[in-house]
Amino acid sequence: MGEEGTEGTVHLLCLAASSGVPLFCRSSRGGAPARQQLPFSVIGSLNGVHMFGQNLEVQLSSARTEDTTVVWKSFHDSITLIVLSSEEGTSELRLERLLQMVFGAMVLLVGLEELTNIRNVERLKKELRASYRLIDSFLGDSELIGDLTQCVDCVVPPEGSLLQEALSGFAEAAGTAFVSLVVSGRVVAATESWWRLGMPEAVLLPWLVGSLPPQAARDYPVYLPHGSPTVPHRLLTLTLLPDLELCLLCGPRPPLSQLDAQLLERWWQPLLEPLRGCLPLGPRALPAGFPLHTDILGLLLLHLELKRCLFTVEPSRDKEPSPEHRRRLLRSFYTLVTATHFPPEPGQPEEKAEEAIHRAQVARACYLVSGTEEPGTGWRLVALQLGPRRLLLLLSAQSPTYGLRGLATHTLHALTPLL
């Protein structure tokens, strides 16, 4: 199995569909932003072949060369996004979802009207600069996985009921139904209305907060790509502790000044210790002391109906491979099982009739042995789906293959009360 994200270059191009004028180009190499730009002749050729196909009523969606994968996607007949990746093992599924997230980020910060009715290209280019930081975070080696799974990255706080109660009371006092508590881009707790946000804004909003430089408070205009793509809302953020922020989605009211120190102290000062307990949860996701088998090196738990996920590569940090390598292995395994083994996820395009007939024959578990065939080397990856939950585990080489499904089943049952 190839590992997505290994050393390679990713180029992302955004063009006006009607004129072919480039609006921006972003690049990364080895997961870090890169200044390397594609020649204009290459950009023109990539857009030209796509437009040529469209004129013949042929939809060109992807292509592969010896060392590069290219994916094209048009949005509202106005914006064309093209991504080229030379990263080893890059899947088309990953690149397609990347383009969906990038367009969602553009709508989130600029609005759909500006993108579908382009009056002034130069002005649009300037407005799109506000989305660069968020878009670059999708191209980089993120600790989050919601860009790929299209599920909200969550953590499980040790005193969740206390935080949930305070959050609901604070939301009522602040005069908005949409409130969440976010640590390092992951949702700790949220009101029911926040959880009902559609995709992709449910993933994009906490990701945006996690990508911004630290600030005590923000009043940020945002559009909701699914819920309100043409009318802006306000995203208010208030820092309670470093990397731990309150997020409120609201209309013209309340003003940021109304959320004063007295209101924050009233609801959150009594919960200072539970709030501090959330800080280590960023990369860990699970409460301290949660019992996991010693062979587990990383896990991804998805609730496909709630569109939430838990993702961590923190268990057994003293063992190989590195956290970055573990994330790449789990991301790559996710794309493999999602594209080839498991049934289509809720919210995905409808399956074909012949695929529906064979749904009963779709796998519910699979595993992969990575590395050399020598005993005790490499690592194991196992995936299991039960009802709306899907669990992916990265295990050490000591874990015997005959016990993988049993270990995954036991772990899934232990995690089920959390998500």
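## About the model

This is a predicted model, in which local features need pLDDT of at least 70 and side-chain atom pairs count only at pLDDT 80 or more, while totals for chains, interfaces and linings use all residues. Residues are numbered from 1 along each chain as its sequence is written, and side-chain values use heavy atoms, with hydrogens and water left out.

## Overall build

The secondary structure comes to 15 helices and 17 strands, where helices (H or I, at least four residues) and strands (E, at least two) are DSSP runs numbered from the N terminus. The radius of gyration is 22 Å, close to the 22 Å that the globule rule gives for 419 residues, so the protein is as compact as a globular protein of that length; the radius is taken over C-alpha atoms, and the rule is 2.2 Å times the number of residues to the power 0.38. Along the principal axes, the C-alpha atoms fill a box of roughly 65 × 60 × 45 Å.

Of the 419 residues, 53% are buried, a word that means under 20% relative accessible area, with exposed meaning over 50% and partly exposed lying in between (1.4 Å probe, protein chains only). Among the contacts (heavy atoms within 4.5 Å) with a separation of 6 or more, 61% are between residues 24 or more positions apart.

## An enclosed helix

Helix α5 spans residues 132-139, and seven of its eight residues are buried, so the helix is largely enclosed by the rest of the structure. The buried residues of α5 are Tyr132, Leu134, Ile135, Asp136, Ser137, Phe138 and Leu139. What covers them includes the strands β1 (9-16) and β2 (22-29), together with the helices α2 (92-110), α4 (121-128), α6 (146-149) and α9 (201-211).

Over residues 11-137 the chain is 43% helix and 27% strand, with the end C-alpha atoms 13 Å apart. Over residues 175-269 the chain is 24% helix and 42% strand, and there the end C-alpha atoms are 20 Å apart.

## Details of the backbone

Two cis peptide bonds can be described here, one of which joins methionine 199 and proline 200 with omega about 10°, while another joins arginine 253 and proline 254 with omega about 5°. Proline 200 is found in the loop between α8 (192-195) and α9, and proline 254 is found in the loop between β12 (244-250) and α10 (261-268).

Aspartate 77, in the loop between β5 (69-75) and β6 (79-85), has a phi near 55°, a positive value in a residue other than glycine, and at 72% relative accessibility aspartate 77 counts as exposed. Serine 184 lies in the loop between β8 (178-183) and β9 (186-190); phi of serine 184 is near 50°, again a positive value in a residue other than glycine, and serine 184 is partly exposed, with a relative accessible area of 30%.
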